[in-house]
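Here are my notes on this structure, as numbered points. Please read them with the model open.

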Amino acid sequence: MSNDHDHDHGHGHRPPAPMVEEISDFEALEIAVRELSIEKGLFTAEDHRRFTEFAEHIGPTPAARMVAKAWLDPEYKKLCLTDAIKASFAVGVDWLNPTGFGTPSDYTDLRVLEDTPARHHVVVCTLCSCYPRPILGFQPEWYRTPNYRRRLVRWPRQVLAEFGLQVPPEVEIRVEDSNQKCRFIVMPVRPAGTEGWTEDQLTEIVTRDCLIGVALPKPGKTSNIKLPVHRAVNPVHH
Amino acid sequence: MSESANLNAPVGGSEWTPVPLLEEIKGHGRVWGDLASQYGVENPDPPWKTSLEGMCDVLAEGQCALPPLERRWEEDEMSESIYKDVPFPERQLLALAHSLIKRGLVSEADLASRMKQVHDRLAAA
Amino acid sequence: MSHDKTHHATIATGKGDPQCFKGTAGPAKFKVGDRVRIKNLPDIFYTRTMTYTRGAVGEVAVVTHESPAPEDEAWGHVDHSEWFYIVRFRQKDLWPEYPENFPNDTLQTEFSERWLESA
């Protein structure tokens with residue numbers, strides 16, 4: 001496995017990108033686990049490489065672009081809501097990758113949950129943290145924690161408030177617990193202040209947090225929440 | 001005290017006995033957050049994260065030795081006990097190694113000796 | 001490489017999973033709008049039917065796809081398929097102390113047909 005932490009493009013007037021100069025025990029452990037697993041026949045190097053390359057190529061931009069396109073094109077929006085797998089091709093995602101029949105944890109049944117002014121969706125997988133990786137990339141750490149998974153289904157408003165999202169009491173919060181093969185992204189309501197925007201501009205404000213449903217898109221807001229590294233156990237209260 | 005939603009994991013009996021090699025790594029290994037800030041690298045993830053995810057996926061295929069739901073439940077339990085203070089994704093890596101050792105799929109001794117070889121190999125490069 | 005993995009690749013390549021099971025479950029027992037109750041079937045070990053839904057009554061929101069039930073699929077028994085349904089519940093029907101000032105809140109999650117009965 002290549003030891004590239006970063007690489008120098010060699011154009012001459014750019015200093016080389018910083019690199020981590022030491023091998024951590026974790027890096028050595030990962031290599032050791034992988035090599036021993038291959039030697040013991042748990043998987044082949046080729047199969048592992050295929051999934052690693054998949055992991056290297058996924059990210060949240062395609063899902064963001066899907067929403068932006070849907071906001072601009074009512075016909076595409078209809079396709080997103082009736083056949084999201086087919087709609088994924090328009091943003092460069094083929095859910096059959098990398099095996100020809102999808103991955104063992106993402107499957108091939110994407111559903112788009114359309115927000116309205118009267119209804120806001122938020123997604124969780126209480127069982128384990130299933131997530132639409134082919135179109136959204138990897139789950140954020142907080143999405144994987146039992147803390148989020150246990151609490152969102154029962155106290156969604158408290159959890160959303162911790163993300164800085166307050167939803168009026170009469171608006172329906174609809175929690176989607178994705179416990180089987182379907183995978184979900186949220187299509188938020190297009191915010192005010194984006195009239196005349198291009199697809200690129202709209203894509204930029206549909207963050208990963210918006211696509212999960214823990215944030216709403218806003219002009220100027222292009223980043224996701226950064227939660228503290230040390231997870232405090234929050235007392236549960238109504 | 002209100003009950004939280006049951007996560008459906010099998011209850012009772014999962015006591016996580018520390019694995020000495022993994023405890024050693026946990027105690028002395030440098031996590032990516034520290035390495036990245038020391039060397040000024042901006043990537044939020046260590047370079048081995050995608051390979052780790054690749055392993056988790058490839059182990060989930062077919063009638064595999066380490067079914068994904070079991071692996072995730074074990075990771076949840078270890079994340080709340082023996083690996084509670086380890087950041088992510090180091091925690092996911094330790095949990096994977098632990099699950100493999102627990103099932104006898106790889107041995108602690110083999111891992112220890114392979115890690116030494118890896119260190120030697122990469123230091124020489 | 002296990003027989004199971006090769007077999008799955010054979011039937012699913014080019015189609016996807018759950019698409020590869022299309023047409024294998026027979027007619028769906030329930031339709032959108034049906035009121036259903038979640039059965040409290042005994043768990044042998046492995047289930048994807050969340051404990052917090054057992055005994056609850058909700059409404060079929062979406063008929064999604066056909067697939068082997070996870071309880072069977074976990075053991076490699078993929079000869080039998082069922083229809084799957086997203087069922088929607090009012091939060092106040094799931095949690096006795098759900099605050100009354102949020103009366104419209106709902107939760108939906110997915111079940112295979114064996115878990116549902118008419119309500």
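1. Strand β3 of chain A (residues 172-177) pairs with β4(C). The two strands run parallel, and four bridges join them. Asp177(A) has its bridge partner in β4(C), namely Thr109(C). Keep in mind that this is a predicted model.

2. How many residues does each chain bring to the contact between chains A and C? Chain C gives 29 residues and chain A gives 27 residues. On the chain C side, α1 (3-12), β2 (57-67) and β4 (106-112) each supply at least two residues. The largest share of that side comes from β4(C), with five residues. So the strand that is bridged to β3(A) also gives the largest share of the chain C side, going by the DSSP runs that set its limits. By class, the chain C side has 11 nonpolar, 12 polar and six charged residues.

3. Chain A also touches chain B. Here 52 residues come from chain B and 48 residues from chain A. Six helices of chain B each supply at least two residues of the side that touches chain A: α1 (20-28), α2 (32-39), α3 (49-59), α4 (68-79), α5 (90-102) and α6 (108-124). The largest share is that of α3(B), with nine residues. The chain B side divides into 32 nonpolar, 10 polar and 10 charged residues.

4. Two helix pairs across the A-B contact are worth a look. Two packed helices are described by the angle between their axes and the distance between the axes. Take α1 of chain A (residues 25-39) with α5(B). Their axes are 11 Å apart, and the helices pack at an angle of about 40°. The crossing is left-handed. From α1(A), the contact uses Phe26(A), Leu29(A), Glu30(A) and Val33(A). From α5(B), it uses Glu90(B), Leu93(B), Leu96(B), Ala97(B) and Leu100(B). Seven of these residues are nonpolar, two are charged and no residue is polar.

5. The second pair is α2 of chain A (residues 45-57) with α3(B). These axes come within 8 Å and cross at roughly 125°. The crossing is right-handed. On α2(A), the residues in contact are Asp47(A), His48(A), Phe51(A), Thr52(A), Ala55(A) and Glu56(A). On α3(B), they are Thr50(B), Ser51(B), Glu53(B), Gly54(B), Met55(B), Asp57(B) and Val58(B). By class, this contact has four nonpolar, five polar and four charged residues.

6. Now chain A itself. What makes up its secondary structure? The chain has 11 helices and four strands. Of its 238 residues, 49% count as buried. Take the contacts in chain A between residues at least 6 apart in sequence: 68% of them join residues at least 24 apart.

7. Two residues of chain A deserve a check of their backbone angles. Tyr107(A) is not a glycine, yet its phi is positive, at about 55°. Tyr107(A) sits in the loop between α5 (84-89) and β1 (109-114) of chain A. Is Tyr107(A) buried or exposed? Tyr107(A) counts as buried because it has 23 C-beta neighbours inside 10 Å, and the cut-off is 20 or more.

8. Ser129(A) is the other one. Its phi is positive too, at about 105°, and Ser129(A) is not a glycine. The loop between β2 (119-124) and α6 (133-136) of chain A holds Ser129(A). With 21 other C-beta atoms within 10 Å, Ser129(A) is buried.

9. Where are the cis peptide bonds in chains B and C? In chain B, a cis bond joins Phe88(B) and Pro89(B), with omega about 10°. Pro89(B) is in the loop between α4 and α5 of chain B. In chain C, the bond from Asp17(C) to Pro18(C) is cis, with omega near 25°. Pro18(C) lies in the loop between α1 and β1 (35-38) of chain C.

Conventions:
Residues numbered from 1 in each chain as written. Chains lettered and ligands numbered in written order. Predicted model: local features only at pLDDT ≥ 70, side-chain atom pairs only at ≥ 80, totals over all residues. Buried ≥ 20, exposed ≤ 12 C-beta atoms within 10 Å, placed from the backbone. Contact = placed C-beta atoms within 7 Å. Nonpolar A, V, L, I, M, F, W, Y, C, P; charged D, E, K, R; others polar. Axes fitted to C-alpha atoms, helices over the stretch in contact; angles between N-to-C directions. Left-handed = near helix turned anticlockwise from the far one by under 90°. Pairing = 2+ DSSP bridges.
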